[in-house]
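Hi,

Here's the structure I promised to pass on. Have a look at it first, and then read on for what turned up.

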Amino acid sequence: MAVLLAAVLAAGACSRSDDDADGGNSGGGNGGNGGGESSGDAGDGVLNVAVVVDRSGPAAFAGLGDQAGIELAQDELEESGFLADEDIELEIEFYDAETNPDRAIEHVNRIVADDDVDVLIGPLNANQALATAPVAQGAGLPNVLMHADAAHPKDIGDLIFRITPPQPSFIGASVDNFAERGIESVGLLYDETNPTLVEIAEEVLPDLFDEAGIEVVYDSTFRPTDTDFSGAAAEIARLAPDGLAMLAVGAVNVTMLNQLREQGFEGAIFSQNASGVFLEAGPVADGIVWSTPFNPASDLETPQKFTAAFEEANGKAPNHFNATGYDALWFVARAAVEGGTSREGVAAGLQAVADEGFEGAQGALTFTDRDARVEPTVMQINGGVEAPYEAP
C-alpha cells in the first residue's frame with residue numbers, strides 16, 4: 001500500500017497523456033476535460049469519468065461487455081437530457097487494463113493524479129481492484145467497482161462503491177438449483193489465482209453445499225494458464241458425482257468442459273459465470289447453469305427497456321456484463337445530479353443514491369455497505385441460447 005500511494009504522489013506532477021488512454025468517448029460535446037474545480041465546491045459542470053476495464057487479454061469478453069453497456073447508457077443520457085437539464089456535461093475516457101494488475105495500477109495512478117477526473121468506474125478484476133481501490137480512496141477519488149468480488153467496499157473506504165452484487169450474495173441460487181434437481185454429490189474445480197473464486201470455493205460454497213445436503217466428493221484447483229485438465233477430468237469422471245461446480249474465467253472454461261466430456265463426465269455443471277463464455281463450445285455446453293444478478297426476462301420496467309434498447313443498438317441480447325456497465329454509468333449520473341460534479345459532490349451523491357436504491361438494468365438495486373444487492377436469476381444455455389432456467 002505504501003508503495004502504491006508513493007506512486008500516486010510521484011505521479012501527481014504529471015498530467016494524463018492521451019497516449020495512455022485507449023480512446024475517449026465525449027458525451028459533453030466540447031471535446032475535452034472541463035477541469036479547474038476546487039476542492040469542496042459543486043464542480044465545474046463537467047462530469048469527467050475515467051473507466052478502467054479489460055479491453056484485451058483473457059477477461060476482454062467481460063470488459064468489452066461492460067463498455068458496451070456504458071456506451072448505451074451514455075447515449076441515453078445524451079438523448080434524454082438527464083444531465084443537460086442540470087447543466088452538466090459528460091466526458092468519458094476508457095483505459096484498457098489488459099487483464100493485467102500492473103497495467104490497471106499504472107492507469108489508476110495517472111487517473112487519481114489528474115484533478116479533472118471526478119469519478120473512476122472499474123476495474124472489474126479482483127486482483128486489480130484490490131490494488132487500485134485503496135489508491136483511489138487515498139486520493140479522494142470516488143470509485144465505482146464492477147464485479148471484483150473480493151474487493152469489499154466496506155473494507156477499503158467510504159469512497160468505494162460496487163454496482164455489481166458480489167457473487168457470494170447470489171451464487172447460492174446455483175446451489176439451490178442443484179438441490180431442487182436432486183443432485184446429492186458434486187465436484188469442485190476453481191482458479192487458485194483468483195481471489196473472488198478462492199473466496200467462493202473455500203468460504204462460501206462449503207456451507208451452502210452442507211446446508212443443501214450436497215456432498216463434495218472432489219475438490220481441486222488449477223491456474224488460468226493451464227491447458228491440460230485430463231487428470232482432473234478423468235478423476236471426476238471416475239468418481240461420477242451428480243454435478244460439478246466449475247469456477248473459472250474466460251476461455252479456460254471451454255477447455256475444461258471439453259476435456260471433462262471427453263473423459264466421460266456426464267453430470268450437471270454450474271459455472272460461476274457462463275454468460276457469453278460457452279457459446280463457442282457448441283452443443284457440449286447445453287445444460288450448463290449459472291446464477292446472475294441480471295434477468296433478461298424481468299418484468300420490471302427498466303430491465304425491459306434496457307434489453308430492448310441494447311438489442312436494437314447491438315443486434316443481440318444483452319448479458320450481465322452489459323447490464324453492469326449500464327447501471328454503473330447511470331449510478332454515477334444520478335450521483336452528479338444529486339451532489340454535483342466535484343469529487344466530493346460525486347461521492348456524496350453516490351452515497352445518497354445508494355441509501356435510496358434505484359431500479360437499473362439488473363433490477364431493483366439496494367446497497368449494503370455501499371455494495372449492490374439484487375434478486376438473482378439462474379440462467380441456462382441450450383442450443384446456443386441463454387435464458388432463465390426452466391425445469392424439464
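One cut-off before anything else: a residue is called buried under 20% relative accessible area, exposed over 50%, and partly exposed in between. Keep in mind that this is a predicted model.

You'll find glutamate 311 in helix H10. Leaving out residues up to four places away in sequence, glutamate 311 touches Lys316, Ala317 and Pro318.

Now the chain as a whole. There are 12 helices and 16 strands in the protein chain. The chain has 392 residues, and 55% of them count as buried. Its accessible surface is about 15,300 Å², with 45% of that belonging to carbon and sulfur atoms. If you take the contacts with a separation of 6 or more, 73% of them are between residues 24 or more positions apart.

On to the inside. The largest nonpolar core has 46 residues, and those touching the most other members are Leu47, Val49, Ile121, Ile163 and Phe331. Elements giving two or more residues to this core include strand S2 (46-53), strand S3 (89-96), helix H10 (301-314) and helix H12 (343-356). H11 gives the most, with 11 residues. There's also a second, separate core of 25 residues, with Ala232, Phe265, Ala285 and Ile288 among them.

Apart from its neighbours within four places in sequence, valine 49 is in contact with Leu90, Glu91, Ile92, Glu93, Val119, Ile121 and Val332.

The largest pocket has a volume of about 670 Å³. Its lining is made up of 34 residues, and Ala59, Leu124, Asn125, Asn194 and Val249 lie nearest the centre. Two or more lining residues come from each of helix H2 (60-80), helix H4 (126-139), helix H7 (195-212), strand S11 (289-292) and helix H11 (320-339). Which element gives the most to this lining? That's H4, with three residues. Sorted by class, the lining has 16 nonpolar, 16 polar and two charged residues.

Over to you!

How values were computed:
Residues are numbered from 1 along each chain as its sequence is written. This is a predicted model: local features need pLDDT of at least 70, side-chain atom pairs count only at pLDDT 80 or more; totals for chains, interfaces and linings use all residues. Side-chain values use heavy atoms; hydrogens and water are left out. On a 1 Å grid over the protein atoms alone, a cavity is a set of points where a 1.4 Å probe fits but cannot get out, and a pocket is an open set with protein on both sides within 12 Å along at least five of seven lines; lining residues have an atom within 4 Å of a point. Grid points are joined across faces, edges and corners, and a volume is the space filled by probe spheres set on the points. Helices (H or I, at least four residues) and strands (E, at least two) are DSSP runs, numbered from the N terminus. Ala, Val, Leu, Ile, Met, Phe, Trp, Tyr, Cys and Pro count as nonpolar, Asp, Glu, Lys and Arg as charged, and the others, Gly among them, as polar. Buried means under 20% relative accessible area, exposed over 50%, partly exposed in between (1.4 Å probe, protein chains only). Contact means heavy atoms within 4.5 Å. Accessible areas come from the Shrake-Rupley method with a 1.4 Å probe; for residues, only the protein chains shown count as cover. A nonpolar core is a set of buried Ala, Val, Leu, Ile, Met, Phe, Trp, Tyr and Cys residues joined through side-chain atoms within 4.5 Å.
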